[in-house]
Amino acid sequence: MLPLTINVEMERMISEADYISQDGLGLAALVKAGEVTARELAEVAISRIERLNPKINAVITPLFDSALKRAGEPFEGPFGGVPFLVKDLISTVEGVPTAAGTRLLKSMPATQDSELVRRWKRAGLNILGKTNTPEFGLTPYTEPQAFGATRNPWDLSRTPGGSSGGSAAAVAAGFVPLASGGDGGGSIRIPASACGLFGMKPTRGRTPTGPVIGEAWSGYAVEHVLTRSVRDSAAILDATHGADSGAPYHAPAFTGSWIEASRRPPGRLKIAVSATPMLGKTVDPEIVAAFNQAAALLSDLGHHVIEAAPRIDREAFSMAFLTVLAAELRADIEETARRAGVPVRAADYDPSSFGLGLLGSAFSAAELTAAKRYLQAVSREVAVFFEGVDVLMTPVLASLPVRIGALLPKPAEARLIRVIGAMNAGWLLKAIGIARPIADATFDFIPWTPIFNVTGQPAASVPMAVSAGGLPIGMQLVGRFGDEAGLFSLSGQIEKARPWHNIRPALD
C-alpha cells in the first residue's frame with residue numbers, strides 16, 4: 001500500500017505552473033477545499049525560491065524550516081496557509097534580524113513580532129523569509145552593499161525599484177503571491193510599477209507601526225503589501241487595518257469591506273490626469289504614450305477625465321522633503337551605531353545613506369521645523385485640489401526601470417562622502433551644495449510619488465502597459481484622504497478591463 005499512498009500524495013502536489021497561476025485568495029481557497037495542503041504550498045514556494053533566487057537576489061533571509069513547521073499547524077483567516085515574504089525593514093519577526101539593508105544589524109534578532117506581522121499571521125499568511133531592501137529604505141533602487149543588488153525578473157540587467165524591490169521581485173518571479181512593503185516616498189508604488197504588480201499605499205495611520213515605532217519617516221511611511229491582484233491587496237487590508245495601542249494618529253474610520261469595494265463598479269468619477277512631472281523635469285516618451293493610453297481607457301470606462309494636477313513648487317518641495325529625510329537618516333544611523341555598540345563610522349554604511357545622513361547632521365532644528373511646516377502647507381493646498389476631483393492619475397516613474405548601478409553614487413562622489421564623513425563635516429556637504437544634485441537625480445526618476453507620502457493620501461500603482469522592450473509600466477491613482485475604497489473600486493474596474501495576471505516575466 002505504501003507506493004499507492006505516495007502516488008496519491010504526488011497527484012495532490014500542486015505544480016509550479018498551477019501555483020504561480022493563482023493569487024493569494026485563490027491558493028487559500030484550494031487549501032480550504034482540501035485540494036492542496038499548506039505544506040505543499042510551502043514546499044513549492046521554497047523549491048521555486050531555491051532554484052530562481054540566485055538569479056534575482058530577492059530573498060535574503062530564508063525561514064524555510066519554521067515555515068514548514070508552521071504549515072503543519074491549523075490556519076485561520078482569509079489567507080490560511082498562503083506563503084508570504086516580509087520586507088527586511090520596519091516589520092520585525094521575533095528571533096529574526098531586521099537588518100534594514102545595513103551591515104551592523106545583520107546579526108541582531110528581533111525580540112518580538114511587530115503588530116503588523118502579528119496581524120499578517122492571524123490572516124493566515126505563512127512567512128517563508130525576508131526580502132532585500134536598500135539601506136534604511138532610502139533609495140528607489142535595491143542595491144545595498146550588505147546584501148547585493150536585487151534584479152528585476154523582467155530584465156535581469158535592470159532594477160526592480162525600491163525600496164520594496166526584494167518583495168516586488170519575489171512576487172513578480174512567482175515565489176509568493178504577495179509580499180510586504182513599506183512606502184515612504186513611493187517604495188511600494190515604484191517597485192510595483194517596475195515589476196508589473198498592484199501596489200497600494202494606504203492612508204497615513206491605516207496600518208499599525210507599533211509596538212516599537214511611533215511613526216516612520218515623520219509619518220510619511222506606511223506599510224502594506226505588493227500583490228498580483230487587486231482583491232488580495234483589499235482583503236489583506238481588511239484583515240490588518242486599524243491603529244494599535246499608542247499610535248500617534250488614526251486614519252479615518254472605515255466600517256465597510258475593501259474587498260467588497262474592489263468588486264463594486266466605481267460609478268462615474270471625475271478623474272484629473274497629468275503626465276507633467278511635479279518634481280522632476282523630463283518624462284520618457286514611452287511613459288507618456290502609456291499614460292495617454294491609460295487616460296483613454298478611463299474615458300472609455302465612462303469617467304469624466306480632465307487634464308489637471310496640483311501645483312507644486314518642485315525646488316522648494318524637493319529640498320524640504322530632502323531636509324526631513326536627511327534628519328531621519330541621521331537619526332537612523334546614530335541609533336544603529338548605538339545598538340551595535342560602535343561609533344558612527346562612514347565605512348559601516350553605504351555612501352548614499354551615509355552622505356544624506358551626514359547632510360542631516362548639518363541642518364539646524366529651525367531648518368527641520370521650517371521644512372515640515374512648508375510640507376504641511378503643501379498638504380493643505382493639495383487637499384483643496386481634491387475637493388474638485390475624485391481621483392488623480394499620473395505615471396509612477398518618469399522612465400523605464402534603470403539599469404543596475406545607474407543611480408549609485410559615482411566612485412569619486414563616494415570617496416568624497418567617506419573623506420568628509422571621517423572629518424564629521426556635514427556642514428561641508430551643505431556648503432558645497434550637494435543636496436541639489438541629490439534631489440535632482442532622485443526626483444527626475446520619481447517626480448510624482450513622494451508628494452502623496454507627505455499628504456498622507458492613499459495612492460496605488462496599477463499595471464497599465466508594457467514597453468516595446470517588454471518592461472511593465474504602472475500608472476499611479478491617488479484618492480482623497482481616507483478613500484482606499486474608491487481606489488480599490490477603480491483599480492478593480494481597470495483590472496477587469498485590462499487583465500494583467502497572465503502577463504509574466506520569462507524568468508523560467
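Contact here means heavy atoms within 4.5 Å of each other. With that in mind, welcome to a short tour of this predicted model, in which local features need pLDDT of at least 70, side-chain atom pairs count only at pLDDT 80 or more, and totals for chains, interfaces and linings use all residues. Residues are numbered from 1 along each chain as its sequence is written, and side-chain values use heavy atoms, with hydrogens and water left out. Helices (H or I, at least four residues) and strands (E, at least two) are DSSP runs, numbered from the N terminus.

**Helices**

Let us begin with a pair of helices. In α3 (residues 24-32), G24, L25 and G26 meet R231, D232 and A235 of α9 (residues 230-240). The residues of this contact divide into two nonpolar, two polar and two charged; Ala, Val, Leu, Ile, Met, Phe, Trp, Tyr, Cys and Pro count as nonpolar, Asp, Glu, Lys and Arg as charged, and the others, Gly among them, as polar. Two packed helices are described by the angle between their axes and the distance between the axes. For α3 and α9 the angle is about 75° and the axes are 8 Å apart. The axes are lines fitted to C-alpha atoms, for helices over the stretch in contact, and angles run from 0 to 180 degrees between N-to-C directions. The two helices, α3 and α9, are therefore roughly perpendicular to each other (under 35 degrees is roughly parallel, over 145 roughly antiparallel, 65 to 115 roughly perpendicular, and the rest oblique).

Helix α12 covers residues 314-340, and at 1.5 Å a residue its 27 residues should span 39 Å; the end C-alpha atoms are 38 Å apart, which agrees. The expected span is 1.5 Å times one less than the number of residues.

**Strands**

Six of the six residues of β4 (residues 178-183) are buried, meaning under 20% relative accessible area, while exposed is over 50% and partly exposed lies in between (1.4 Å probe, protein chains only). L178, S180 and G182 point one way from β4, and A179, G181 and D183 point the other way. In β9 (residues 391-395), five of the five residues are buried.

| Strands | Sense | Bridges |
|---|---|---|
| β4 and β6 (residues 222-227) | antiparallel | six bridges |
| β7 (residues 270-273) and β9 | parallel | three bridges |
| β9 and β11 (residues 472-479) | antiparallel | five bridges |

Some facing residues are handy for finding your way: L178 stands opposite T227 in β6, A272 has L392 of β9 as its bridge partner, and M393 stands opposite L477 in β11.

**Single residues**

R48 sits in α4 (residues 38-56) and counts as buried at 3% relative accessibility. Not counting residues up to four places away in sequence, R48 touches E16, I20, N53, A173, G174, F175 and D508.

P351 belongs to α13 (residues 351-360) and is buried too, at 9% relative accessibility. Leaving aside neighbours within four places in sequence, P351 is in contact with Q145, P409, A414, I417 and R418.

**Backbone details**

A cis peptide bond, with omega about 5°, joins G162 and S163, and S163 lies in the loop between β3 (125-131) and α7 (165-172). The bond from G210 to P211 is also cis, with omega near 5°; P211 is in the loop between β5 (198-201) and β6.

A100 has a positive phi near 55° although the residue is not glycine, and A100 is buried, with a relative accessible area of 7%.

How values were computed. Two strands pair if DSSP finds at least two bridges between them.
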